[in-house]
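Try each task before reading its solution.

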Amino acid sequence: FSTRKKMKEVHGTKIFPRCLADSVMLAVLAVIISFLLYIALYDQSIDTIYNVKRGALAVVIGFALIVIGMVHMPALPFVKPHPIIWRAALCITILYSLLLLFTLFQSIGDVRKFLRYYDSNLGTPLSEKTYAEDCRIYTPDHPNGSFVNVMDKMDEFVPAHFFGWYVKALLLRDVWQLYVLSIGFELLEYTLECQLPNFGECWWDHWILDLLLCNSLGIYCGMKTCELLSMKTYDWRGLWNKPTFSRTNDDEQFVSCKEEKTITSKGSYSFTNFVTVVVVMLFTTFQQLNVFYLKSILWVPPSHHLNLCRQLMFAFCALCAAYEHHEYMRIGDPNAKIGRFTWMFFIAINFELLLEIKFGWDILSIPPPTIAIVFWSLFFIGIAVWATWKFYIKPLIS
């Protein structure tokens with residue numbers, strides 16, 4: 001993936017000549033307008049719902065996505081395989097956030113009704129499945145086989161675990177952070193299984209099937225892919241030790257070595273960067289949890305393509321957001337601004353959380369077990385004490 005810093009090197013060369021890039025955009029625009037014109041003039045229908053769906057799709061694809069997104073969006077961090085892809089990803093994220101904002105002003109019954117208009121298979125209550133009914137691994141007396149409990153856990157969530165953590169490895173590119181998130185999510189499943197039955201799993205399902213097999217294999221394959229494609233890895237913990245500096249006119253101070261594949265930094269401790277990294281991890285976890293809460297509240301089955309489309313949208317958005325935010329923290333330029341993808345990622349997650357609070361308060365208000373409350377309270381108190389020691393007390397003593 002080429003970044004915005006190479007924009008001037010890419011455009012105007014044999015890779016992407018400016019005239020060729022403009023020609024491609026004009027050609028795509030002409031083809032889409034011709035297609036929409038044909039549909040509008042020759043494909044007549046008296047079905048009101050069908051026409052509304054088609055008109056809304058034409059507005060989203062023809063105007064918002066193509067005209068504004070692919071043509072008029074400003075330059076973004078990545079330019080390969082083509083800037084159009086990343087402009088479209090940003091525009092889709094904006095449209096999704098606007099849709100969430102519109103949904104906030106509706107009732108839960110109307111939202112489910114709208115989903116039923118989109119797909120007649122939606123809008124019906126889901127049968128929530130729990131995976132903790134029988135935790136025996138070996139069942140020799142069972143009529144369906146000696147390992148029926150293990151095979152019963154092999155559903156669509158198994159490949160979802162692998163591919164999910166494979167993509168997260170491509171986004172975050174830090175094995176330490178990935179495993180912290182993976183272990184933390186398994187602990188959250190223990191905590192929140194009282195709210196969502198899907199989180200109820202056997203111990204070996206949590207720690208062997210999920211963590212050691214699916215998640216670890218996805219992380220390993222993702223990091224290997226980064227290595228094969230010579231993608232820079234991120235050292236998020238290194239940002240805690242990022243040195244402070246004042247801005248000068250020396251251009252070399254802001255130019256990183258092209259051969260450097262791992263971004264690291266040393267120097268004075270930064271409590272602000274520590275808090276920022278924690279916030280990034282929290283919102284990454286919220287993005288995972290929202291999948292389960294939204295499907296349960298809006299009655300969208302796990303295998304429905306809307307869930308897959310949402311995950312793909314966040315994958316493209318988070319790929320740019322992770323790069324933008326890491327560079328923003330690493331460079332430490334006081335005049336720098338948070339990137340567009342970073343803003344939209346946080347906005348979309350916050351809108352989803354607001355939807356869950358408004359429509360799913362009956363689920364969210366179920367209190368977790370006392371032992372879980374005590375554990376997480378001690379955990380966050382411990383993090384606060386450790387951060388105070390590391391970033392304030394220890395520097396004063398040394």
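**Exercise 1: A buried glutamate**

Glutamate 186 has its place in helix α8, residues 175–192; helices here are DSSP runs of H or I with at least four residues, strands are E runs of at least two, and both are numbered from the N terminus. Before you start, note that this is a predicted model, in which local features need pLDDT of at least 70 and side-chain atom pairs count only at pLDDT 80 or more, while totals for chains, interfaces and linings use all residues. Residues are numbered from 1 along each chain as its sequence is written, and side-chain values use heavy atoms, with hydrogens and water left out.

Task: Find out which side chain of opposite charge is nearest to glutamate 186, and how far away it is.

Solution: 
- Step 1. Look for the opposite charge, counting Lys and Arg as positive and Asp and Glu as negative, without His or the chain ends.
- Step 2. Compare with the salt-bridge cut-off, a side-chain nitrogen of Lys or Arg within 4 Å of a carboxyl oxygen of Asp or Glu.
- Step 3. List the contacts (heavy atoms within 4.5 Å). Beyond its neighbours within four places in sequence, glutamate 186 touches His161, Glu201, His206, Trp207, Asp210 and Asn215.

**Exercise 2: Positive phi in loops**

Task: Locate serine 230 and tryptophan 299, and state the phi of each.

Solution: 
- Step 1. Serine 230 sits in the loop between α9 (203–228) and β1 (233–234). Its phi is near 55°, a positive value in a residue other than glycine.
- Step 2. Serine 230 is partly exposed, with a relative accessible area of 48%.
- Step 3. Tryptophan 299 belongs to the loop between α10 (271–298) and α11 (305–331). This residue is not a glycine either, yet its phi is positive, about 65°.

**Exercise 3: Pairs of rings**

Task: Classify the pairs Phe271–Phe274 and Phe345–Phe346.

Solution: 
- Step 1. Recall the rule: rings of Phe, Tyr and Trp (its six-membered ring) pair if their centres lie within 6.5 Å; planes under 30 degrees apart are stacked, over 60 edge-to-face, and the rest tilted. The structure holds 25 aromatic pairs.
- Step 2. Phenylalanine 271 and phenylalanine 274 are 6.2 Å apart centre to centre with 35° between the planes, a tilted pair. They are three residues apart in helix α10, so about one helical turn separates them.
- Step 3. Check accessibility: phenylalanine 271 is partly exposed at 32%, while phenylalanine 274 is buried at 6%.
- Step 4. For phenylalanine 345 and phenylalanine 346, the centres are 5.9 Å apart and the planes at 75°, so this pair is edge-to-face. Phenylalanine 345 is buried at 10% relative accessibility, and phenylalanine 346 is buried at 18%.
- Step 5. Widen the view: Phe345 and Phe346 belong to one aromatic cluster with Tyr96, Phe283, Phe286 and Phe314.

**Exercise 4: The whole chain**

Task: How many helices and strands does the protein chain have, and what percentage of its residues count as buried?

Solution: 
- Step 1. The secondary structure comes to 14 helices and two strands.
- Step 2. Of the 398 residues, 43% count as buried.

Notes:
Buried < 20%, exposed > 50% of the residue type's maximum accessible area, 1.4 Å probe, protein only.
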